[in-house]
Amino acid sequence: MPTKMLHIPTADGQADAFAAFPDRGERHPGVLMYADGFGIRPALREMARELAGHGYYVLVPNLFYRHGPAPVIELPEHIGEEARPAVLAQLMPLIEAHTAERVLSDADAYLRFLTTQPEAGAGPVAVTGYCIGGLLAMRTAAAHPGQVAAVAAFHGPVGADGPDGLHRLLSTLTAQVYLGHAETDMTPEALGELNQALDAAGVGYTSEIYPGTVHGFTMADTDAFNAAALQRHWDRLLPLLGRTLATG
């Protein structure tokens, strides 16, 4: 599986990024993959390669490039419960500095770059994200309704901006939406409220809780990892992309 480390021109500099794509000498539908807060690391590269193997050009940008190249902070090989508080203490200032304005400015740059790569198709594209990346994926899809055909968020805080913010977010979405929630992140009551908002917005979606999971269940290098839930994530994501993106 060919991979590259790339640099994406943005309004604020250059974002380093990881890309994976099939070795077939042709163009493939693009998928912008937003990492969780821990960023680009072996576990994320493996997920990008896995997705690329199904016929997609997958671009994973370093969300926090303004603070340095990935990994922006030193990460243990396994992000266990003992290490997690210290890691999050370093990450939270970066997450808080990543304002909605920066998210949207970067999204413009990422999509522009993605669709001009020689191995990638011109569009439409899909956006997927994990944890905070799930919220970024939704914001990107909402800001690019004519370009993003599908958006998927896994254990992502998609309602973080409150009911009014969620309404604004959904009001411009035209992409097909898939949301996979951790059981510890979303009560059935909260899920009902979220799904009512999706219904009211007229969005085509699937939104479900993964039983027995905790926040971060897709990430193989954390204590939250759930192998069955990761497989379910692929079982949901791949058909979504297959329905919405032409694989040529």
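A cavity is a set of grid points where a 1.4 Å probe fits but cannot get out. The legends below describe cavities, pockets, strands and helices in a predicted model.

**Figure 1. The second largest cavity has a volume of about 40 Å³.** Its lining is made by Ala 35, Asp 36, Gly 37, Gly 39, Ile 40, Pro 61, Asn 62, Leu 63 and Phe 64. Sorted by class, these lining residues are 5 nonpolar, 3 polar and 1 charged.

**Figure 2. The largest cavity holds about 70 Å³ of space.** Residues from several parts of the chain numbering line the largest cavity: Gly 37, Phe 38, Gly 39, Ile 40, Asn 62, Phe 64, Ala 70, Pro 71, Val 72, Ile 73, Leu 75 and Leu 91. The lining of the largest cavity counts 9 nonpolar and 3 polar residues, with no charged ones. Gly 37 is among the residues lining the largest cavity, and Gly 37 also lines the second largest cavity.

**Figure 3. The largest pocket contains about 240 Å³ of space.** Its lining consists of 17 residues. Nearest the centre of the largest pocket lie Gly 37, Arg 84, Leu 88, Cys 131 and His 215. Helix α2, residues 84-97, gives the most to this lining, with 5 residues. By class, the lining of the largest pocket divides into 10 nonpolar, 5 polar and 2 charged residues.

**Figure 4. The second largest pocket contains about 210 Å³ of space.** Among the residues that line the second largest pocket are Ala 100, Leu 104, Leu 135, Arg 139, Asp 161 and Arg 168. Helices α3, α4 and α5 (162-171) each supply at least two residues of the lining. The largest share, 4 residues, comes from α4. The lining of the second largest pocket has 6 nonpolar, 2 polar and 3 charged residues.

**Figure 5. Helix α3 (residues 100-114) packs with helix α4 (residues 132-143).** Two packed helices are described by the angle between their axes and the distance between the axes. For α3 and α4, the angle is about 65° and the axes are 10 Å apart. This angle makes α3 roughly perpendicular to α4, because angles of 65 to 115 degrees count as roughly perpendicular. The crossing of α3 past α4 is right-handed.

**Figure 6. An open sheet is formed by 8 strands.** The strand order is β1-β2-β4-β3-β5-β6-β7-β8, and the pairing is mixed. At the edges stand β1 and β8 (205-210), each of which pairs on one side only. On average, neighbouring strands of this sheet are turned by 20° against each other, direction ignored.

**Figure 7. Strands β1 (residues 3-10) and β2 (residues 13-20) run antiparallel.** They are joined by 8 bridges. Thr 3 stands opposite Ala 20 in β2. Between β1 and β2 there is a hairpin that joins them through 2 residues.

**Figure 8. Strands β3 (residues 30-34) and β5 (residues 125-130) run parallel.** The two strands are joined by 4 bridges. Leu 32 has Val 127 in β5 as its bridge partner. In a regular strand the side chains alternate between the two faces of the sheet.

Notes:
Residues are numbered from 1 along each chain as its sequence is written. This is a predicted model: local features need pLDDT of at least 70, side-chain atom pairs count only at pLDDT 80 or more; totals for chains, interfaces and linings use all residues. Side-chain values use heavy atoms; hydrogens and water are left out. On a 1 Å grid over the protein atoms alone, a cavity is a set of points where a 1.4 Å probe fits but cannot get out, and a pocket is an open set with protein on both sides within 12 Å along at least five of seven lines; lining residues have an atom within 4 Å of a point. Grid points are joined across faces, edges and corners, and a volume is the space filled by probe spheres set on the points. Ala, Val, Leu, Ile, Met, Phe, Trp, Tyr, Cys and Pro count as nonpolar, Asp, Glu, Lys and Arg as charged, and the others, Gly among them, as polar. Two strands pair if DSSP finds at least two bridges between them. Axes are lines fitted to C-alpha atoms, for helices over the stretch in contact, and angles run from 0 to 180 degrees between N-to-C directions. Angles under 35 degrees count as roughly parallel, over 145 as roughly antiparallel, 65 to 115 as roughly perpendicular and the rest as oblique. A crossing is left-handed if the near helix is turned anticlockwise from the far one by less than a right angle, and right-handed if clockwise.
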